Amino acid sequence: MASPQDLSHFSETTLPRQDYVARIFGYGVAALAMFAAIHYGYYGEQMMIVPVIALTYPHLIYILSRPFRRRRAYITRQFLIHGDALWCGLFLGYINFPLELVVLFLIMINTSFIVVGSFTAWAFCIVSLVSGAAVAYLVFGYTSMPQLPTEVFLITATGVGVHLALTAYNSYRQARDLIRLKLKFQGQVERFQALSHQVSKYVAPQVWESIFSGRRQARLETQRKKLVVFFSDIVGFSALSEQMEAEAFTDLLNTYLTDMSQIALKYGGTIDKFIGDGIMIFFGDPKTKGTKRDALACVSMAIEMRRHMDKLRQRWTEHGLTAPLQIRMGISTGYCTVGNFGTESRMDYTIIGKEVNLASRLETEAEAGEILISQDTYGLVRDRIACRARSNAIVKGFRDPIPTFQVVDYRQDNGSDNSYVNHDIEGFALHMEADKIREEDKDKVADALEKAARKLRGKCVA
């Protein structure tokens, strides 16, 4: 798989090496043109300095620019290309702008500019070229030159053609190498996505999302926050585990935990851990809607879990499980220490504090099917949730008795317009959420209830 070093290696080695070879050929064409022009008498011997500089410059600049390429490869490459443009302008001005050579060298240098890859860079290269030509004109002046010998033109044109072919080949290689790197990075991204999906199953989705978005760092740190803490377990589940086969018991437990986890995530709860059939969830970190809304979300989650347990119990009964399984839940609200605990190599995102202990104790104090909440939680939800005061609980770890409240249901669900009905006794089970029944099915449900009622009344009369 590709790594970030691959792209750095491509920028620091492949591109400079290809530019170096292209620069050798480009300046070699200039040297070849000057040698031919001197040989055929178009220029005097004093012009030999031009091919000497042209043959020396690519090697010299490659060596001198090496330290800069290591630190800033892209900027160094752009700077050298602008330097080539400036040198080309000076060269054409120094040799008095012979039209044939000007056209050939403009074709060659313009092709190199285009390879730079952006219109802005190309425009600045043209500016550098014109600037070099202007400086040469001011310094060396201008002398009208005779027509360039055909031999010199053909030799120069051949060199330019070879340079263009080399430039095209280098562009192809660069594109091929970039595509290869892209495919490697794409494969790496897909691999990391698959791995992150696997890792996400071991941590709460909120924690996973905050780490991958960069909002949270995986380091040992904690903070004090006001949280709503929830505990639940199934009454009599340990005894049931001794009566069932391991495979069936595992399937039942996983079904229960899966469904309850989906409800917790629906209300925004952070699932801390599973302890056998027990579940620990908290609200308020890493995301919070405010303590009051967090408390309401937590109690709403508990109510839906209790209702969903009726569905599960009915489903399990159909599969031969006769034990009347019920869940009990405890909720408390208060300041806790939340964050990463453990070591630098192995840490656990969790919470600690007396409110955690209180929620656990309330869950233990609760009866089957009961939701017990602390006084602080009751104060936050009492305007939306109907609760009954329960006797104070003597809780281990707390000096004074703890006031507790039993959650009944949503306040709007306790009047004549009650949409949720549940009755579960021996020989009879009814679970109805009237607001979820489709309009076209309501008559069928009413007929079924009336039929059941007639049968029940008939047996009572008999």
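## Charged pairs on helix α11

R313 and D310 both sit in helix α11, 3 residues apart, or about one turn of the helix. In this predicted model, their side chains form a salt bridge with an N to O distance of 2.6 Å. Both partners are buried: R313 has 5% relative accessibility, and D310 has a relative accessible area of 9%.

Helix α11 also reaches out to another part of the chain. R307 makes a salt bridge with D409 at 2.9 Å, N to O. This pair links distant parts of the chain, since R307 belongs to helix α11 and D409 to strand β8 (residues 402–410), 102 residues apart. R307 counts as buried at 14% relative accessibility, and D409 is buried too, at 10%.

## Other salt bridges

The structure holds 15 salt bridges. One of them joins E367 and R390, whose closest N and O atoms are 3.8 Å apart. E367 lies in the loop between α12 (354–365) and β6 (371–374) while R390 is in strand β7 (residues 385–393), so the pair ties together parts 23 residues apart in sequence. R390 is partly exposed, with a relative accessible area of 23%. Elsewhere, D233, R328 and E363 are linked in a salt-bridge network.

## The nonpolar cores

The largest nonpolar core has 44 residues, and Y256, M305 and I373 have the most contacts inside it. Helix α11 (residues 291–318) gives the most to this core, with 12 residues. Beyond its neighbours within four places in sequence, M305 is in contact with F230, M260, I263, A264, I281, I327 and M329. Apart from this core lies another, of 29 residues, including A33, V50, I81 and V160.

Technical notes
Residues numbered from 1 in each chain as written. Predicted model: local features only at pLDDT ≥ 70, side-chain atom pairs only at ≥ 80, totals over all residues. Heavy atoms only, no water. Core = buried A, V, L, I, M, F, W, Y, C linked by side-chain atoms within 4.5 Å. Buried < 20%, exposed > 50% of the residue type's maximum accessible area, 1.4 Å probe, protein only. Helix = DSSP H or I, 4+ residues; strand = E, 2+ residues; numbered from the N terminus. Contact = heavy atoms within 4.5 Å. Salt bridge = Lys/Arg side-chain N within 4 Å of Asp/Glu carboxyl O.
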